[in-house]
Each structure stands twice: as structure tokens, then as C-alpha cells.
There are 2 protein chains.
Amino acid sequence: MISIRQAVPGDEKAIFYLIKELALFEKAPEQVTNTASQLAKDLFEDCICEAIVSELNNEIVGFALYYTSYSTWKGRCLYLEDFYVKEEHRNKGIGSLLFDKVVQIAKEKGVKRMDWQVLEWNKTAIDFYTARKAILDPEWINGRYFF
Amino acid sequence: MISIRQAVPGDEKAIFYLIKELALFEKAPEQVTNTASQLAKDLFEDCICEAIVSELNNEIVGFALYYTSYSTWKGRCLYLEDFYVKEEHRNKGIGSLLFDKVVQIAKEKGVKRMDWQVLEWNKTAIDFYTARKAILDPEWINGRYFF
């Protein structure tokens, strides 16, 4: 039984476990300096971001985390920061359910655009987004400062 | 006389004019569907984003617009959505003043990371960021849906 629901306090440990799994897949596990308790505060107290989780037989096996962003060209947008399904539970339609739910939430919020990023070598993810007729734009380079 | 200050109600027309100039430079003027009055609401009423402006002899000649974003790896971040100085007023140090001010604001807010994007062909901007020892990471592709 697959179900999708809004994340609630208590989910932070399971979500953070998946965040670390995704960072490992993205070859940057050492970059994760966040913690499950900080994530809980950011999600449920300060409401900087929101998350939905997918459960399979009451186990959290995937999640999507997003927040309100802004485009000077378009107005209010939704940024999909993380979107992940555990490797052993892929190809069961969980990713589609999660992604479709985020798109539905974006529409309900009335945002003008939904944005995310994908690593250029992540062919599986690129194929997933291409199949959903997303626009993939490689023309921009990320700039960053760490504090 | 160059000065930098927080944007206030009434600045939206001058800022929006610069947003359109920047979109023209980025070869996408037709993508701007936002309006000055919507920008004013987003900046000053709903506080989705914030902006600083640079004035030269009381004329707004540059701006930076940013908002709180989130990294599951790092925590609370600052996203620099737009950063622009009118072409005829470049090489006067205005960009440096604006950028340094945004970095200072990011530090004051206690964010873990400051992010932005630059077009891969915008050599002047890339040189500007490189000179400031920013990390430029071309490994990510932007995914988008428009609503």
C-alpha cells in the first residue's frame, strides 16, 4: 500500500535519513551539515519549507521538500529542493505519485512556476522529467558562497 | 554620490524597469509577465522577497533582490534572484557595493549559504564572481514547469 501525506513532527528522522542517502547518491555526503532536529525546526516551527512523504506499508520510502521562491520575471514560485525515492522501491510508481502531488500543491498555491535542479549525469532523473514534459535548461551556472 | 539602501514602497517602478532591462540583456524580455504593482505587493506587503537599491545622485541605477531559501544539506540559505547595475553606470564600484551588501545581509541573517545563478555566456558576471572567490558549479541543470 503506497500513500502520500504531508510530513508531520516525528517524520524528521526518516526524512533526514533519506536526505543523507540522496547526498550519497549525488556524491556529496560530506556536504550534509544539517541535522534532523534542525530540519524539524525549519519544517514544523519556522515553516521555511514544507515536505510530503510517501509511505509503503507504513515505512517512509520517499519524500519531496519544497518552499516558496520568487522570480522577478514571473512572481511567486515553488522550488522543489529535494525529491527522492529509495532505490529498492523505485519503479513502483512512487516517484510519479510524489511528483504529481508537488505539481498539484504548486497549482493550489497559485505559483507561476515550479523549479528544481538535476545533476547533468543523472540520466534516470532527466528521463523522468523529460517524460513529464518539463523544461530542462542547462544554460545557467550555480554561484555559491558558504558561510 | 553612490549610496545603497533597502528598497521601500515607491521604488517598485524603478526596480521593475531594471528587471526588464536585465531580462533584455539575458535575451528573454518576453518572459517577464510580472508587473511593478505585483512586485510591490510581493516585496512590501507579503514580504516574499527583499531588495536593496543603489542610487547615484538620487537615481536608482542598480538593485539586488533576494529571499530566504532552503538547503536540506545546509539549512537556511539566501537566494540572490537578481543583481544588476545599469550598463552606463558600470565600472564605478556600484556592483561591488551592492554585492558586498548582500553578502553582509546574508551573514547577518545567519544563513549557511548564499546562492545565485549566472548565464554560462555572461563572461563579465562570471569574472566578477570568480574575482570574489565564489564557487561556480556548472554541474546542475534547471528543471521548470510554468503554470
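1. Burial of B:Leu39. At 0% relative accessibility, B:Leu39 counts as buried in this predicted model, where buried means under 20% relative accessible area, exposed over 50% and partly exposed in between, with a 1.4 Å probe and protein chains only. B:Leu39 is found in helix H2 (residues 36-45) of chain B; helices (H or I, at least four residues) and strands (E, at least two) are DSSP runs, numbered from the N terminus. Leaving aside neighbours within four places in sequence, B:Leu39 is in contact with A:Tyr70 and with B:Glu12, B:Ile15, B:Phe16, B:Ile19, B:Asn34 and B:Leu65, contact being heavy atoms within 4.5 Å. The C-alpha atoms of B:Leu39 and B:Ser96 are 25 Å apart in space, and 57 residues separate the two in sequence.

2. Basis of the note. This is a predicted model, in which local features need pLDDT of at least 70 and side-chain atom pairs count only at pLDDT 80 or more, whereas totals for chains, interfaces and linings use all residues. Residues are numbered from 1 along each chain as its sequence is written, chains are lettered from A and ligands numbered from 1 in the order in which they are written, and side-chain values use heavy atoms, with hydrogens and water left out.

3. Not counting residues up to four places away in sequence, B:Ser54 touches B:Ser3, B:Ile4, B:Glu59, B:Ile60, B:Val61, B:Gly62, B:Phe63, B:Ile94 and B:Leu98. B:Glu87 lies 33 residues from B:Ser54 along the chain, with a C-alpha separation of 14 Å.

4. The interface. Chain A and chain B each contribute 59 residues to the contact. Between them they bury about 6,000 Å², 56% of it on carbon and sulfur atoms; buried area is the accessible area (1.4 Å probe) that two parts lose on being put together, summed over both. On the side of chain B, the residues that lose the most area to chain A are B:Tyr70, B:Trp73 and B:Tyr145, together 16% of what that side buries.

5. Overall fold of chain A. Four helices and seven strands make up the secondary structure of chain A, in the order β-α-α-β-β-β-α-β-α-β-β from the N terminus on. The radius of gyration of chain A is 15 Å, which agrees with the value near 15 Å for a compact globule of 147 residues; the radius is taken over C-alpha atoms, and the globule rule is 2.2 Å times the number of residues to the power 0.38. The C-alpha trace spans about 40 × 35 × 35 Å along its principal axes. Buried residues account for 56% of the 147 in chain A. Of the contacts in chain A between residues at least 6 apart in sequence, 56% join residues at least 24 apart.

6. Helix H2 of chain A. Which residues of H2 (residues 36-45) of chain A are buried? They are A:Ala36, A:Leu39, A:Ala40, A:Asp42 and A:Leu43. In an α-helix there are 3.6 residues a turn, so residues three or four places apart point the same way. The buried residues of H2(A) pack against helix H1 (12-25), strand S2 (50-56) and strand S3 (59-71) of chain A, together with strand S3 (59-71) and strand S4 (75-85) of chain B.

7. A:Ser37, in helix H2 of chain A, is exposed, with a relative accessible area of 57%. The C-alpha atoms of A:Ser37 and A:Glu12 are 7.1 Å apart in space, although the residues are 25 apart in sequence. A:Glu45, also found in helix H2 of chain A, counts as exposed at 59% relative accessibility. Its C-alpha atom is 28 Å from that of A:Leu24, 21 residues away along the chain.

8. Positive phi angles. Most residues other than glycine have a negative phi. Just after H2(A), A:Cys47 takes a positive phi of about 55 degrees. A:Lys27, in the loop between H1 and H2 of chain A, has a positive phi near 60 degrees and is exposed, with a relative accessible area of 62%. A:Asn91, which is not a glycine, has a positive phi of about 65 degrees. A:Asn91 lies in the loop between strand S4 (75-85) and helix H3 (94-109) of chain A and is exposed at a relative accessible area of 83%.
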